[in-house]
Amino acid sequence: MYELGTLRALEEAIEGLDLTSLDVYVGVSSGAFLASGLANRMDTAAMTRVFITGDRDDAQFHPDAFVRPAFWEYARRALSFPRHLVRWWRDILLDPGSANLNAALSRLGALVPAGLFDNDEIGRFLADAFSRHGRTNDFRELRRKLRVVAVDLDNGEAVRFGEHGWDDVPISRAVQASAALPGLYPPVPIRNRQFVDGALRRTMHASIALEEGVDLLIGLNPLVPFDASMARAHGKHPESLVEGGLPVVLSQTFRTLLQSRVQVGMAKYAHQYREVDQLLLEPNPDDAEMFFTSVFSYKSRRRVCDHAYRATLSDLRARRAQLAPILARHGLRFRDEVLDDEQRGAFDSLTQQRRRHTNTTARLRRALDDVETLVSSRQRGRRRRMRG
C-alpha cells in the first residue's frame, strides 16, 4: 500500500513518466503485485481502485484473502504426527542416548505448519484479474519485460520468473511465490521445487533491470529502520523501541537488514553502471506512522497509501533541485503545480469510474495505445536525428 501511494505520487508529479510503458519491471515480494499490474498496463489509478477504494468492476479484491488460515497445511502436519511418533520411538529403541530435549524439540518442529496463512486465494485472484480486459497471465504475451523474483527454499537460488526457461510459469503463480514470506505463508510449489519470498536473497534485485540496459533506474524500498532518536528530536515518539517488546525489536532488525542490503547494492551499481541514473525512494527514517502501522491492518490501507503519497511529494520537493537535471536527461520534468500543492492527496485526482467495458473494447484501447506509443517513439527518434 505504501509502494502504491509512492507510485501515484511519481506518476502525477513527473510529466512524461508513464509507469505502464517502462522497458523493464522487476517485482520482488509485495512489489511483485504492483510490477505485474504495471506491466499489464494497469496504471496506479486502476490499481488504487482495485486494492484501496474497491470500486473497480473488473477485479474484486477481498483483503481477507491475505489472512485466511492455512487449514490444509495445519491438517497435513497433524496427520504426520503418528509417523513422526513411530520414528521417534524407533530411534529411542535403537539408540537410547538420543532421547534428550534437543531431539524432542527437533521432532516437534516438523509438526509446526510452514505458514500461518493460505496464499492460494491470492494466486486465484491474480489469475482472474490478469485474464480480463485485455490483460494476460502469460509473461510471453506482455509488451514489456517483467521479471518476478522468488527464492528456492531448498538451495537458496534466486529464480527470475519471466526469463527464458521460466517464462511459461503463470504470472499469478510467480507473484504468489515471490510474496510467500516464510512463517506467514507456505512455500509455493513450482516444478517440484518450493519457492518463497524473493527478498530473502536480495532486497530489490535491481541488477536485473541494469543488466537489461536501462538508463534510468527507479527503485522503491518501503521497509527502512526507524530512527527513534530523530523522532524524539522532532517530538514525535519519545519511547525507546525496546518498550514495544519482541515484535518491534524483530521489525527493526528485519528492516535494518533489508535497507543495508539496498544501500550496499545501490552503491555498487553506481560504480558499476556509471551511465545509469538512479532514483531510490524510501520512507523517512523518522516516519513513525509507517513503522508502527500493523502490516495486517488492511482497514488502514487507504490511510497508508495517502500517507505515502504525501510523504513522497514532500521528498521530491526537498530534492527538486537535485533531481530536476536527472529527469531532464530522460525527457522528464516535474509538474510544479503538483509538487507545490501541499494539501494534495492520493485520491484527489481519481476520476469518476467510467462505464464498464467489454474485453473487446479493452483490447481495442490497448491496440490504440500501442499505435500512439509507436508514433510518439518514431517522432522522438526523428527529432533526435534532426538535432544530430
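**Before selecting anything**

The model is predicted, so local features are described only where pLDDT is at least 70 and side-chain atom pairs only at pLDDT 80 or more, whereas totals for chains, interfaces and linings use all residues. Residues are numbered from 1 along each chain as its sequence is written, and side-chain values use heavy atoms, with hydrogens and water left out.

**The whole chain**

Show the cartoon, in which there are 16 helices and nine strands; helices (H or I, at least four residues) and strands (E, at least two) are DSSP runs numbered from the N terminus. Of the 388 residues, 45% count as buried, where buried means under 20% relative accessible area, exposed over 50% and partly exposed in between, with a 1.4 Å probe and protein chains only. A contact is taken as heavy atoms within 4.5 Å, and among contacts between residues at least 6 apart in sequence, 75% join residues at least 24 apart.

Select residues 2-13, which form α1. The 12 residues of this helix should span 16 Å at 1.5 Å a residue, and its end C-alpha atoms are 17 Å apart, which agrees; the expected span is 1.5 Å times one less than the number of residues. Because 12 of the 12 residues of α1 are buried, the helix is largely enclosed by the rest of the structure.

Within α1, pick T6, which counts as buried at 3% relative accessibility. Leaving aside neighbours within four places in sequence, T6 is in contact with L220, L281, A308, Y309 and T312.

**The largest cavity**

On a 1 Å grid over the protein atoms alone, a cavity is a set of points where a 1.4 Å probe fits but cannot get out, a pocket is an open set with protein on both sides within 12 Å along at least five of seven lines, and lining residues have an atom within 4 Å of a point. Grid points are joined across faces, edges and corners, and a volume is the space filled by probe spheres set on the points.

By this rule there are three cavities of 30 Å³ or more, and the largest cavity holds about 100 Å³ of space.

**D287, between β8 and α12**

Now select D287 in the loop between β8 and α12, a buried residue with a relative accessible area of 11%. Not counting residues up to four places away in sequence, D287 touches Y2, F226 and H307. The side chains of D287 and H307 are joined by a polar contact of 2.8 Å, a polar contact being a pair of N or O atoms within 3.5 Å; within protein, one must be able to donate a hydrogen and the other to accept it, and residues adjacent in sequence count only if both atoms are side-chain atoms.

**Helix α11**

Move to residues 245-272, helix α11, whose 28 residues should span 40 Å at 1.5 Å a residue; its end C-alpha atoms are 41 Å apart, which agrees. Colour its buried residues, namely V248, Q252, R255, L258, Q259, V262, G265, M266 and Y269. Among the elements that cover them are α9 (207-211), β7 (216-220), β8 (277-281) and α12 (288-292).

**R147 in strand β3**

Select R147 in strand β3 (residues 145-152), where this arginine is buried with a relative accessible area of 10%. A polar atom of its side chain lies 3.2 Å from the backbone oxygen of G162. Beyond four places in sequence, the residues that R147 touches include Y25, F161, E163, I208 and E212.

**The second largest pocket**

Finish at the second largest pocket, with about 330 Å³ of space. Of the 18 residues that line this pocket, W72, E73, D120, P186 and P187 are the closest to its centre. The elements that give two or more residues to the lining are α4 (71-79), α8 (171-178) and β5 (188-190), and the largest share, five residues, comes from α4.
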